[in-house]
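Here is a short note on the aromatic rings in this chain. Please read it with the structure open.

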Amino acid sequence: MTNAALVLEDGRVFRGEAYGATGVSLGEVVFSTAMTGYQETLTDPSYHRQIVVQTAPQIGNTGWNDEDDESSKIWVAGYVVRDPARTPSNWRSKRGLDEELANQGVVGIAGLDTRTLTRHIRERGAMRAGVFSGSDLTDDASMVEQVKASAQMLGANLAVDVTTDEPYVVEAIGEKKFTVAALDLGIKSNTPRMMAARGIEVHVLPLTSTFEDILKVSPDGLFLSNGPGDPATQDHAIALTREALGRKLPLFGICFGNQILGRAVGRGTYKMRYGHRGINIPVIDVATGKVAITSQNHGFALEGTPGEEFSSEFGRAVLSHYCPNDGTVEGVRLLDAPAFSVQYHPEAAAGPHDAAPLFDEFVTLMNEAR
């Protein structure tokens, strides 16, 4: 057994044993309340540069397969679990979770009290941290200083790290009905699949694309994906969004894309105390009062009051959804232009399917625009 430590920037140290690769990993420590779907969590680009704590005590029971990845690699900076499975048991499993973490060089820690750690983050807020093991496990003071010298999430431009290098196309399933340009801010694999199932040919474009690049695919709509980092850094994505709004190109955004649309119509964003991460988070639609249980992963949110109507350069808009747990704004809808967004993940991999009809709403917008 190799000793390991999770070191927080406020000086708190949690002891455990190495899990996955040994070494050092630095990032923002956050917790996810999802009871399942750890493979989808680990491969979600929105977790780039974050050390993820799983609140579910037993992790790794179903091993690792080659079908459920949400991107090309594991993106988390580090991984924290309480009780890792000794032997995975699932007919789809190809190897153990610890083996895959080691294969991809992800430094993790197991055997610590994740309940105490989660309560600490809830009280003190998400903060910089490091996982240390092997020869990198040194004295506490040195490790704390190393954590304090690492980059903060506020002001971090991370979408540029996770976006695709080259455009690619996900073909429509069955008859092609629409073409959508999807701006890749950290897109998950299941999102284009959800659109393809509705007859949409999806052109996934790099974040560096120009609006002329978007127009080249003759899109019926523009999609803004999820992604990591501070939305205040995304001047280019915001400019592309404003161009689309000005042309009344139907637009749908999720998660990071919700923050991009919000900033494009004049709203500010702020760093949340510890964010929303999990697949069991309630959201209320202000217009209907309907509650959806959603998949979320965000540490920033839009400023404003749920249900608030406001004027923008592109007409009237409303803050359309909110989380009843804390009142956080969870959606934006333009009333005079074909655009809307939500703060959660309607593709729900892994997660509930309550929000899947939002893709149908996007289809309706594109139909009406025709």
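1. First, the counting rule. Rings of Phe, Tyr and Trp (its six-membered ring) pair if their centres lie within 6.5 Å. Planes under 30 degrees apart count as stacked, over 60 as edge-to-face, and the rest as tilted. The model is predicted. By this rule, five aromatic pairs are counted.

2. Take Phe31 and Tyr274. Phe31 belongs to strand β3 (residues 24-32) and Tyr274 to strand β15 (residues 269-285), so the pair ties together parts 243 residues apart in sequence. Phe31 is buried, at 7% relative accessible area. Tyr274 is partly exposed, at 23%.

3. Next, Phe252 and Phe362. This pair is also tilted: 5.5 Å centre to centre, with 50° between the planes. Phe252 sits in strand β14 (residues 251-254) and Phe362 in helix α10 (residues 357-369). The two are 110 residues apart, and the pair links distant parts of the chain. Phe252 is buried, with 0% relative accessibility. Phe362 is buried too, also at 0%.

4. Which residues form one aromatic cluster? Phe252 and Phe362 are among them, together with Phe223, Phe340 and Phe359.

5. Finally, charges over rings. Lys73 places its charged end over the ring of Trp75, 4.4 Å from the ring centre. Arg267 has its charged end over the ring of Phe310, again 4.4 Å from the centre.

Conventions:
Residues are numbered from 1 along each chain as its sequence is written. This is a predicted model: local features need pLDDT of at least 70, side-chain atom pairs count only at pLDDT 80 or more; totals for chains, interfaces and linings use all residues. Side-chain values use heavy atoms; hydrogens and water are left out. Helices (H or I, at least four residues) and strands (E, at least two) are DSSP runs, numbered from the N terminus. Buried means under 20% relative accessible area, exposed over 50%, partly exposed in between (1.4 Å probe, protein chains only). A charge sits over a ring if NZ of Lys or CZ of Arg is within 6 Å of the ring centre and within 35 degrees of the ring normal.
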